[in-house]
Amino acid sequence: MAHVKEFIGKATYDFSVDGGAVSTITPATNFTIPNNAIITDCLMHTSTAMTSSGSATAAIAVGGITLHAAQAYNHGDWDDEDITIETINDKTTSSSALTFTVATAALTAGVVHFYVKYMIALES
């Protein structure tokens with residue numbers, strides 16, 4: 001018999017620690033979601049607004065799932081002190097840490113916290 005357990009993982013993108021180059025960044029403060037986990041929600045809290053000298057975009061993903069599609073760094077979802085909740089309802093296809101992808105131009109500041117709620121079946 002399998003039992004389902006719910007977890008919440010937290011990752012933080014922090015420009016002063018992780019940098020802001022155009023790339024896929026695995027934040028230093030992170031967690032790993034196992035393969036076949038069912039992700040239900042992703043909450044994003046921007047505690048320091050992101051800035052860019054260009055038209056940077058940012059996106060987040062984990063385990064083969066896009067949690068938040070690329071949007072401009074100054075889009076409302078990334079506003080300072082804003083909290084955004086994405087409903088996901090998808091199953092991971094690999095075990096991985098959360099990634100934060102910067103595209104188009106580099107970021108020059110920003111701190112964003114991610115809380116990902118997921119479920120896994122535990123064999124008894």
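Let me open with asparagine 36, which sits in the loop between β3 (32-33) and β4 (38-52); strands here are DSSP runs of E of at least two residues, helices are runs of H or I of at least four, and both are numbered from the N terminus. The model is predicted, so local features need pLDDT of at least 70 and side-chain atom pairs count only at pLDDT 80 or more, while totals for chains, interfaces and linings use all residues. Residues are numbered from 1 along each chain as its sequence is written, and side-chain values use heavy atoms, with hydrogens and water left out.

The phi angle of asparagine 36 is near 70 degrees, a positive value in a residue other than glycine. Asparagine 36 is partly exposed, at a relative accessible area of 44%; buried means under 20%, exposed over 50%, and partly exposed in between, with a 1.4 Å probe and protein chains only.

With 54% relative accessibility, asparagine 89 counts as exposed.

I turn now to the whole chain. The protein chain has one helix and 10 strands, in the order β-α-β-β-β-β-β-β-β-β-β. Of its 124 residues, 40% count as buried. Its C-alpha atoms fill a box of roughly 55 × 25 × 20 Å along the principal axes.

Finally, contacts, meaning heavy atoms within 4.5 Å. Among those between residues at least 6 apart in sequence, 79% join residues at least 24 apart.
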